[in-house]
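Please keep the viewer open while you read.

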Amino acid sequence: MAKLIITLDGLLLSEFEIDKERITIGRNPHNNIPIDNLAISGEHAAITTVNNEFFVEDLGSTNGTLVNEQPITKHALHHGDEIEIGKYRLKYVNVQELGSKIEAHETGAQVFEKPPFLHPNQIPTMLSGEIPTSDMMAHTIPLIMPEEAQRAETARRAKIATETDLPPSEAMESHGVVQILNGPNASKELALTKTLTSLGKPGVQVAVITRRPHGYFLTHVQGDHYPTVNGQDLDAHPRQLEDHDVIELAGVKMEFYLK
Amino acid sequence: MDLRLALEIVSLTDPGKVRSQNEDSITTDNQAGFAILADGMGGYNAGEVASGITVTLLADGLKKALHARPPEQDQCLLVKSEIEKTNGAIYQTAQSQPQFSGMGTTLVCALFHDNRVIVAHVGDSRLYRYRQKGIEHAQFEQITRDHSLLQEQIDSGMLSREEALLSSNKNLVTRALGVDPMVNVEVQEHDALPGDIYLLCSDGLNDMVDDEKILLTLSVLGTNIKLAAQQLVQMANDNGGRDNVSVILVRVLRHFPARRGFFAWLSAWLKK
């Protein structure tokens with residue numbers, strides 16, 4: 001069961017059980033959670049439930065809605081998330097998500113290593129918005145929840161991981177550049193900001209530089225001749241590029257360096 | 001007929017960075033002109049068994065049917081009935097052997113015939129088409145629509161595409177092979193043109209690598225599809241490799257009209 005614990009300046013005001021598909025929060029009294037405060041818009045935010053997943057959504061409020069101190073327009077809620085509306089804090093608590101996480105952690109072994117199969121018969125009832133019978137809940141929830149909770153957790157971890165270390169374009173503080181050394185285009189530079197950058201003449205000789213989390217790699221793609229790096233012929237395998245390596249292909253010399 | 005001169009096919013499968021087992025199975029045949037990819041599910045090694053049986057039985061079935069078929073039989077029906085037979089066999093195995101109970105698999109299959117491609121799928125394994133339009137422009141399209149809870153929620157308007165990206169039950173499939181005695185196979189037929197590249201993949205690829213990066217890979221490495229396949233798997237693993245990842249790339253090199261039967265030839269000749 002999911003609920004919201006509402007506090008103001010660290011003082012507990014009330015608890016609200018999320019027992020409907022959609023609940024609204026705002027200053028107007030007709031909201032499910034009315035909060036009479038000028039910093040809060042008439043219809044400020046809503047919480048929607050889709051198949052045991054909870055979303056919080058800002059309804060175009062004047063002062064905005066924060067989740068874990070980040071402004072959001074729409075956000076999938078996870079146990080422990082803190083929604084901030086004006087000076088009010090609403091902590092999202094999902095006992096099932098928490099419980100199954102502990103369970104999954106304790107047992108370690110998962111029955112389904114792969115996506116669990118959802119029996120087609122179960123879906124129409126769940127999609128039509130009818131309230132599932134307790135009998136059906138008993139069937140569907142144990143099947144879906146542990147995996148779902150685990151997935152949510154891995155998805156969140158992955159998100160943190162990509163935010164902090166990976167995203168190839170921003171996080172790598174230096175990026176590679178190739179500068180042409182001879183011919184009519186001499187001294188022209190090519191920034192290697194994409195995952196893949198191709199070099200050479202199509203149909204004659206083509207090589208590609210791939211950008212990976214741990215560096216840049218040069219690979220031969222097409223043509224009878226292989227490119228050279230510092231005068232050495234490349235073979236069929238990718239070669240990691242070092243700062244100031246000199247690449248030669250199709251008669252063009254270029255230098256790779258990190259900016 | 002022999003399609004070896006018309007099709008170039010490469011395939012690659014990898015357990016990924018997290019899982020120890022590979023429950024994906026793939027097989028290709030560029031003589032008969034088909035590619036099959038299955039992503040198995042079920043505890044212990046049942047997923048591997050389900051996907052393994054599927055590709056083996058379906059490949060055998062297709063080869064026999066293509067060889068024996070009377071010339072005018074509809075290829076779509078042929079593929080559909082072979083998949084239904086395969087489903088029956090996996091379902092029987094799952095029912096009769098307790099260690100395999102509850103196993104199932106997704107499937108995507110492409111059969112190339114007479115300048116066309118017949119695409120059949122069950123579950124969330126996908127087929128994409130990369131098609132060159134002019135010199136600078138290319139079109140990249142997802143041909144199959146996932147049979148997944150998420151896709152149904154999007155279709156029914158319960159979730160927007162933005163919400164779908166946030167959803168945590170991306171991988172619940174609503175159709176699979178081997179879980180029921182009957183299976184609802186989706187079959188489509190499209191023209192295949194020289195230069196087209198078809199990508200069959202398991203969700204281990206499209207969950208980890210966005211479509212834009214897949215398109216970039218195919219446009220840069222389309223002339224060397226072996227390298228393109230390696231690059232796709234590598235990107236999935238570089239992004240975390242949370243699932244098994246499998247890719248099959250099929251490049252159409254030239255037109256492949258079917259050789260007509262003797263009677264078709266004779267009637268054409270008599271009309272002259």
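What follows is a report on selected strands, sheets and helices, chain by chain.

**Chain A**

Please bear in mind that this is a predicted model. Chain A holds three helices and 21 strands. Its length is 259 residues, of which 26% count as buried.

One open sheet in chain A is built from six strands with antiparallel pairing, in the order β13-β12-β21-β20-β17-β18. At its edges sit β13 (189-191) and β18 (232-233) of chain A, each of which pairs on one side only.

**Strands in chain B**

Now for β6(B), which covers residues 126-133 and pairs with strand β9 (residues 197-201) of chain B. β6(B) also pairs with strand β7 (residues 137-142) of chain B.

| Strand pair | Sense | Bridges |
|---|---|---|
| β6(B) and β9(B) | antiparallel | five bridges |
| β6(B) and β7(B) | antiparallel | six bridges |

Leu127(B) lies opposite Leu200(B) in β9(B), while Gln132(B) has Ala138(B) in β7(B) as its bridge partner. The hairpin of β6(B) and β7(B) has three residues between the strands, and in this hairpin Gly134(B) adopts a positive phi near 75°.

**A helix pair in chain B**

How do the axes of α1(B) and α2(B) cross, and at roughly what angle? Helix α1 (residues 46-68) and helix α2 (residues 75-96) of chain B have axes that come within 9 Å and cross at roughly 140°. The crossing is right-handed for α1(B) and α2(B).

On the α1(B) side, the residues that meet α2(B) include Ile53(B), Leu57(B), Gly61(B) and Ala65(B). Those of α2(B) that meet α1(B) include Leu78(B), Glu82(B), Lys85(B) and Ile90(B). Sorted by class, the contact of α1(B) with α2(B) comprises ten nonpolar, four polar and two charged residues.

Key: Residues are numbered from 1 along each chain as its sequence is written. Chains are lettered from A and ligands numbered from 1 in the order in which they are written. This is a predicted model: local features need pLDDT of at least 70, side-chain atom pairs count only at pLDDT 80 or more; totals for chains, interfaces and linings use all residues. Two strands pair if DSSP finds at least two bridges between them. Helices (H or I, at least four residues) and strands (E, at least two) are DSSP runs, numbered from the N terminus. Axes are lines fitted to C-alpha atoms, for helices over the stretch in contact, and angles run from 0 to 180 degrees between N-to-C directions. A crossing is left-handed if the near helix is turned anticlockwise from the far one by less than a right angle, and right-handed if clockwise. Two residues are in contact if their C-beta atoms, placed from the backbone, lie within 7 Å. Ala, Val, Leu, Ile, Met, Phe, Trp, Tyr, Cys and Pro count as nonpolar, Asp, Glu, Lys and Arg as charged, and the others, Gly among them, as polar. A residue is buried if 20 or more other C-beta atoms lie within 10 Å of its own, exposed if 12 or fewer, and partly exposed in between; C-beta atoms are placed from the backbone.
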